[in-house]
Amino acid sequence: MNAVDLTKSKDPARVLQNACKPGANPRGTWLIYHEGDYADSVHNTPAGRAAWALHEQGKVVLCQKRISDEPRRYVYVAVVL
């Protein structure tokens with residue numbers, strides 16, 4: 001599994017969109033676009049809105065994975081289709 005961490009990018013929304021262009025990343029690549037609590041309203045951020053738009057276009061599947069219980073932390077992932 002390939003994973004690309006976009007959380008430290010200055011413009012993760014733009015990088016996420018570029019990462020989903022044909023040929024940019026192989027199918028199944030994890031694009032990590034946010035890390036935090038599940039109550040962070042991630043889809044109100046630019047990266048979250050970009051991930052949702054890519055999901056609606058059928059380019060990615062959105063997932064989250066718990067990385068710790070205390071404090072409660074998740075990574076939000078767009079998996080390239």
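Contact here means heavy atoms within 4.5 Å.

## Basis

This is a predicted model, in which local features need pLDDT of at least 70 and side-chain atom pairs count only at pLDDT 80 or more, while totals for chains, interfaces and linings use all residues. Residues are numbered from 1 along each chain as its sequence is written, and side-chain values use heavy atoms, with hydrogens and water left out.

## Glu35 in strand β2

Glu35 lies in strand β2; strands are DSSP runs of E of at least two residues, helices are runs of H or I of at least four, and both are numbered from the N terminus. Leaving aside residues up to four places away in sequence, Glu35 touches Thr7, Ile67, Arg73, Tyr74 and Val75.

Glu35 counts as partly exposed because its relative accessibility is 36%. On this scale, buried means under 20% relative accessible area, exposed over 50%, and partly exposed in between (1.4 Å probe, protein chains only).

Helix α2 covers residues 46-56, and its buried residues are Ala47, Gly48, Ala50, Ala51 and Leu54. These lie on the same side of α2 because they cover an arc of only 160° around the axis, the arc being that of the directions from the helix axis to the C-beta atoms. Pro46 and Glu56, on the other side of α2, are exposed.

The packing partners of the buried α2 residues are α1 (12-19), β2 (30-36) and β3 (60-68).

## Helix α1 against helix α2

The axes of α1 and α2 come within 8 Å and cross at roughly 25°. The axes are lines fitted to C-alpha atoms, for helices over the stretch in contact, and angles run from 0 to 180 degrees between N-to-C directions. The crossing angle makes α1 roughly parallel to α2 (under 35 degrees is roughly parallel, over 145 roughly antiparallel, 65 to 115 roughly perpendicular, and the rest oblique).

From α1, the contact is made by Pro12, Ala13, Leu16 and Gln17, and from α2 by Pro46, Ala47, Ala50, Ala51 and Leu54. By class, the residues of this contact are eight nonpolar, one polar and no charged; Ala, Val, Leu, Ile, Met, Phe, Trp, Tyr, Cys and Pro count as nonpolar, Asp, Glu, Lys and Arg as charged, and the others, Gly among them, as polar.

## Backbone exceptions

Most residues other than glycine have a negative phi, and most peptide bonds are trans. Just after α2, Gly58 has a positive phi of about 80°. Glu70 and Pro71 are joined by a cis peptide bond with omega of about -10°. Pro71 is placed in the loop between β3 and β4 (73-80).
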